[in-house]
Amino acid sequence: MTDLSKLTIAEARNGLRKGDYTASELTGQYLQAIEAAQALNAYSTSTPEIARAQAKAADARLARGDAPAMCGIPLGIKDLFCTKGVQTQAGSHILDGFKPEYESTITSQLFDAGAVMLGKLNMDEFAMGSSNETSYYGPVTSPWRRGNDDTPLTPGGSSGGSAAAVSADLCLGATGTDTGGSIRQPAAFTGIVGVKPTYGRCSRWGVVAFASSLDQAGPMVKTVRDSAIMLEAMAGHDPKDSTSANLPVPDFEAALTGDIRGKKIGIPKEYRLDGMPEEIEVLWREGAEMLKAAGAEIVDISLPHTKYALPAYYVIAPAEASSNLSRYDGVKYGHRAKIKPGEGITEMYERTRAEGFGDEVQRRVMIGAYVLSAGFYDAYYIRAQKVRTLIRQDFEKVFAEGIDQILTPATPSAAFGLGEMADADPIKMYLNDVFTVTVNLAGLPGVSVPAGLDAGGLPLGLQLIGQPWNEADMLNTAYALEQACGFAAKPDHWW
Amino acid sequence: MSIDIKTARKVAHLARIEVAEDALPPLADALSNILAFMEQLNEVDITGVEPMTSVTPMALKQRRDVVNDGGYPDKILSNAPDAREGFFAVPKVVE
């Protein structure tokens, strides 16, 4: 049989419809590949029985000629999505053994469209991290290596399992979530495409909450076309999420004409950081030149409050997290600590959370409790929310002046080694999100496109930021950039 | 603003996370570092700026105040570490 592992979603969709192979054959090959890739630790749970049953159902639909685009497509699902009857732990010890009695809206929509779930993907605990090292399941190892050096590298985070699985051909696409860069940074680190949609485009219902005003789910896939296909299946209004937008979902794939003549692409001067590696600088400049060669107009712009995005984020996200994570108390689900004679419910709560949460989650929950506490609320939280307004206004201003998309680097460096940041100040890790976090604060769509390799042979990505609700146009520019970059590198199969 | 050991103890309790006495000094240091990073926000002139409360400008949705879900206590309790007679069970809270 032909090697089905290198397919894209678009190719598999066409092949399945033509009957070149069945969804069951496709799924079987991916289940084998997952079995053989334990060294990557990309999947926290595999669900072969569910996958085979879904593939069989997809084959029946394909035979009837009733097959939506995602029908029969094998996917990995980030462990943050609640999946009915299937272990969902958000990479945390505190949700030990949790099996939801319900299905998230996004996974429901994907399954209704005929998609196949291969398993749940490893991630940073509660999506808090940029390297997948905060996961209770242990870190994910990137399929990528620096040349012949076998140092294990991070796939990025928090959607590190999703990025590694797509990049290593352990699924055709994966769901991710992005609160400060958790789709786009790992996509850039592993040479894949990751889309963070406009806030409200995809339902948050049934997705374990981290910071509700910033969280947004999106697709992680091999090509821009695949991202358009998968995003369309994930998006849409959901009455169960009060911030879900009641807007029609456009045909994103139809928007991919590659024609970007006359588009205005902004280059924000504030994203040129001191000490940024020369190769990132070059990649960015070349990306702008490619878009110009394709007929776009390159415009220098200013987003003056960019510098304050990370500190504002690290007030707002922990504040929301401390509130959202208060539900993990050892009563309703998951882990409960043992108490000694004479101790009561407070000791039970406090010990459960000390045992159940890892260091980074504990740190953020405590920072959140502090910035929301009496006497500090105005000084930190309200101030950060005001700075957030200014950051959003920066974007509104340039979009009002006619800018269609903004081009930036996706990350300030290529992937780093697992453990390399272990002794670093947590703030050094936070800097990974310096180019992506503004997008979450402003609620905008963003996409990371693989654009080149660094000197060590590791992928680097460029980010396009779009106008709210205009993912279609943003993806079309991303498509033109993808065509021009011609990124085709794959990691060597060492695992 | 830096966090002393007393404040660290208070924050840990507010967050309902047990922290041993000997772990408080490093915790206070770590929290102080993060707060120092946030101090940059004090450079921004926020006079007359409204705090952002809605990510995309939209009117909050409303619905009729009626029961529209529920009636399945078994499902609600199915993941509980301790459930008895249709209730969540917890250590004694009143003497």
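The model is predicted, so local features are given at pLDDT of at least 70 and side-chain atom pairs count only at pLDDT 80 or more, while totals for chains, interfaces and linings use all residues. Residues are numbered from 1 along each chain as its sequence is written, and chains are lettered from A and ligands numbered from 1 in the order in which they are written.

**Overall build of chain A**

- Chain A has 15 helices and eleven strands; these are DSSP runs numbered from the N terminus, with helices (H or I) of at least four residues and strands (E) of at least two.
- The C-alpha trace of chain A spans about 70 × 55 × 50 Å along its principal axes.
- Of the 495 residues of chain A, 61% count as buried. A residue is buried if 20 or more other C-beta atoms lie within 10 Å of its own, exposed if 12 or fewer, and partly exposed in between, with C-beta atoms placed from the backbone.
- Among contacts in chain A with a separation of 6 or more, 77% come from residues 24 or more positions apart; two residues are in contact if their C-beta atoms, placed from the backbone, lie within 7 Å.

- E9(A) pairs with E7(A) (264-268) in the parallel sense over two bridges, and Gly266(A) stands opposite Ile406(A). Pairing here requires that DSSP finds at least two bridges between the strands.
- E9(A) and E11(A) (459-466) run antiparallel and are joined by five bridges, with Leu407(A) opposite Leu464(A).

**The side facing chain B**

- The contact takes 54 residues from chain A and 37 residues from chain B.
- Helices H9, H10, H11, H12 and H13 of chain A each supply at least two residues to this side of chain A, and H12(A) gives the most, with eleven.
- The residues on this side of chain A divide into 29 nonpolar, twelve polar and 13 charged; Ala, Val, Leu, Ile, Met, Phe, Trp, Tyr, Cys and Pro count as nonpolar, Asp, Glu, Lys and Arg as charged, and the others, Gly among them, as polar.
- In H11(A), eleven of the 14 residues are buried, including Arg363(A), Arg364(A) and Tyr370(A).
- The cover over the buried residues of H11(A) includes H9, H12 and H13 of chain A together with H1 (5-14) and H2 (24-38) of chain B.

- The buried residues of H1(A) (9-18) are Ile9(A), Ala12(A), Arg13(A) and Leu16(A). They cover an arc of only 105° around the axis, which puts them on the same side of H1(A); the arc is that of the directions from the helix axis to the C-beta atoms.
- Just after H1(A), Gly19(A) takes a positive phi of about 85°.
- Val166(A) lies in H5(A) (160-167) and counts as buried, with 33 C-beta neighbours inside 10 Å.
- The C-alpha atoms of Val166(A) and Val221(A) are separated by 6.2 Å, although the two are 55 residues apart along the chain.
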